[in-house]
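Please keep the display in view while I talk.

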Amino acid sequence: MKRQRQVAAAFSQNEIDELARQWQRELKIMDWQIGVRIVRGKRLGGDDGGVNFEEKRREAFIMLLDPRDVAKDRMTPYDMEVTLVHELLHCALACFTGKVLGGHEDITQEQQIHTMSQTLVRLRRAGLPTAEAAA
Ligand SMILES: [Zn+2]
């Protein structure tokens, strides 16, 4: 895990693949086929991450911002694991995704996913047992 001022937590592609596997197990979405790639900033248009998913086929592709492209003037540090969990939660909650982009359902879901991803990563880093360890 490398650190710099605007980056709270950064990981290599191999580390992210392992974290994705662990979090899929934690969130009980192991039946999804999910690819995760670290991509350059221009592909994300200023976002920390993004996901394209097909709920019926349980397939998803997650993109995470390459830490080299983190904006110098951002308000809060970029945490790749929080963004990974955020995008995985979009998969887990796919059936609740609002039909209207930017509508009330979408905005509320986005806010809650944002909060939950931060909370889950914080609790995990605090050393609470994982679902794997508790099973
Ligand atoms: Zn989101």
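Let me begin with the largest nonpolar core of this predicted model, which has 23 residues, and in which Ile16, Ala20, Val36, Ile62, Leu64, Leu84 and Val85 are the residues that touch the most other members. At least two residues of this core are supplied by each of helix H1 (13–26), strand S3 (33–39), strand S5 (59–65), helix H2 (80–92) and helix H3 (104–125), and the largest share, 7 residues, comes from H2. If we take Val85 and leave aside residues up to four places away in sequence, the residues that Val85 touches are Trp23, Ser117, Leu120 and Val121.

Turning now to the sheet, we have an open arrangement of 3 strands in the order S3-S5-S4, and the pairing is mixed. S3 and strand S4 (49–54) are the edge strands, and because each has a single partner strand, one side of each is left without a neighbour in the sheet. On average, and ignoring direction, neighbouring strands here are turned by 15 degrees against each other.

Within this sheet, S3 and S5 run parallel and are joined by 7 bridges, and Val36 stands opposite Ile62 in S5. As for the helices, H1 packs on the sheet through contacts with S3 and S5, its direction making about 145 degrees with that of S3. H2 also packs on the sheet, where H2 touches S3, S4 and S5, and the direction of H2 makes about 25 degrees with that of S4.

Note on methods. Residues numbered from 1 in each chain as written. Predicted model: local features only at pLDDT ≥ 70, side-chain atom pairs only at ≥ 80, totals over all residues. Core = buried A, V, L, I, M, F, W, Y, C linked by C-beta atoms within 7 Å. Buried ≥ 20, exposed ≤ 12 C-beta atoms within 10 Å, placed from the backbone. Helix = DSSP H or I, 4+ residues; strand = E, 2+ residues; numbered from the N terminus. Contact = placed C-beta atoms within 7 Å. Pairing = 2+ DSSP bridges. Axes fitted to C-alpha atoms, helices over the stretch in contact; angles between N-to-C directions.
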